[in-house]
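Colleague: I would like to go through this model with you. Could we take it region by region?
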Amino acid sequence: MTVLVAAQQTETTDTLPSCEARLAYRGGLVASTAGIAPGFVQGNLAILPEKYASAFHRFCQLNPKPCPIIGMSDVGSPHIPALGAGLDIRTDVPRYRVWRDGEVVDEPTDVTSYWRDDLVTFVLGCSFSFEEALLDEGMPIRHIEHNVRVPMYRTNIACSASGPFAGPMVVSMRPFKPADAIRAIQITSRYPAVHGAPVHLGHPHLIGIKEIAKPDYGDPVPVAEDEIPVFWACGVTPQSVINAAKLPFAITHSPGLMLVTDLKNRNMAVI
């Protein structure tokens with residue numbers, strides 16, 4: 001398969017903050033990537049055997065909100081040069097998840113020992129990119145303020161199925177005052193390659209979330225009485241789908257601990 005990139009040509013210097021971040025994670029640093037390497041795109045990972053790659057690619061095409069593809073590897077290659085100088089998928093994420101039969105069996109910081117010649121890596125856009133635009137507008141991002149991972153929830157919003165891939169959409173949540181929520185919708189609508197506008201705001205139970213204080217992934221954050229929760233489609237959705245499909249083998253990132261690329265956030269905006 002050929003490399004797919006839905007963004008600009010990247011720089012190749014190893015002095016980029018994004019490259020420095022990858023080298024730190026390669027060296028063993030384990031920490032949330034929220035706010036890391038400002039200006040650079042982060043990505044969600046879904047690494048699958050080649051026999052499932054076509055069906056997953058179609059799944060992403062059918063579900064572009066949670067699964068916007070920004071990069072894809074050749075079969076068996078741990079490198080995607082268009083996403084980063086010297087990037088190595090096996091080592092450059094703070095923490096991974098290894099899946100067997102739809103269940104997480106290991107959460108290593110390096111997946112070299114699990115690597116296979118038939119694996120294909122998909123890199124999906126991440127909402128951390130549009131957070132930079134929100135911060136530039138002076139809007140508070142609660143999980144960054146509290147130095148925790150963004151809260152993420154499985155919903156009752158069904159994804160369109162492709163082959164074995166089917167299941168519920170996962171969303172990430174950020175609380176805002178109503179006026180700021182409207183502005184957040186306007187800002188994030190400009191970034192369809194990194195999830196775009198929210199899929200829901202207010203009333204979590206309407207999308208199947210029973211307790212806002214108990215996210216399925218990430219960490220809880222406080223929602224003030226004068227705020228409403230705003231929900232964006234999330235690139236952790238493939239993990240929910242891998243679980244539902246009972247896929248024999250897969251590798252993903254650990255939620256909130258992303259792949260930092262050399263792509264620029266500003267080039268993800270459509271207007």
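Colleague: Where does aspartate 92 lie?
Modeller: Aspartate 92 is in the loop between strand E3 (69-72) and strand E4 (96-100). Helices (H or I, at least four residues) and strands (E, at least two) are DSSP runs, numbered from the N terminus. Residues are numbered from 1 along each chain as its sequence is written; this is a predicted model, where local features need pLDDT of at least 70, side-chain atom pairs count only at pLDDT 80 or more, and totals for chains, interfaces and linings use all residues. Side-chain values use heavy atoms, with hydrogens and water left out.

Colleague: Is aspartate 92 buried or exposed?
Modeller: Aspartate 92 counts as buried because its relative accessibility is 0%. Buried means under 20% relative accessible area, exposed over 50%, and partly exposed in between (1.4 Å probe, protein chains only).

Colleague: Which side chain does the side chain of aspartate 92 make a polar contact with?
Modeller: That of threonine 91, at 2.7 Å. A polar atom of the aspartate 92 side chain also lies 2.8 Å from the backbone nitrogen of aspartate 88. A polar contact is a pair of N or O atoms within 3.5 Å; within protein, one must be able to donate a hydrogen and the other to accept it, and residues adjacent in sequence count only if both atoms are side-chain atoms.

Colleague: And what does aspartate 92 touch beyond four places in sequence?
Modeller: Arg22, Tyr25, Arg26, Gly86, Leu87 and Leu259, where contact means heavy atoms within 4.5 Å.

Colleague: Turning to strands, how many bridges join E2 to E6?
Modeller: Seven bridges join strand E2 (residues 40-49) to E6, and the two run antiparallel. Leucine 45 stands opposite valine 123 in E6. E3 is joined to E6 by three bridges, again antiparallel, with isoleucine 69 opposite leucine 124. Two strands pair if DSSP finds at least two bridges between them.

Colleague: How many residues of E6 are buried?
Modeller: Seven of the seven residues in E6 (residues 119-125) are buried.

Colleague: Now histidine 143: why does it count as buried?
Modeller: Histidine 143 counts as buried because its relative accessibility is 1%. This residue sits in helix H4 (residues 142-145). Beyond four places in sequence, its contacts include Ala34, Phe128, Arg174 and Val221.

Colleague: Lastly, what pLDDT does the chain average?
Modeller: The average is 92, and 94% of the residues score at least 70; pLDDT is the predictor's confidence in each residue, from 0 to 100. Over residues 1-13, however, the pLDDT is below 50, and this stretch has 38 contacts in the model beyond near neighbours in sequence.
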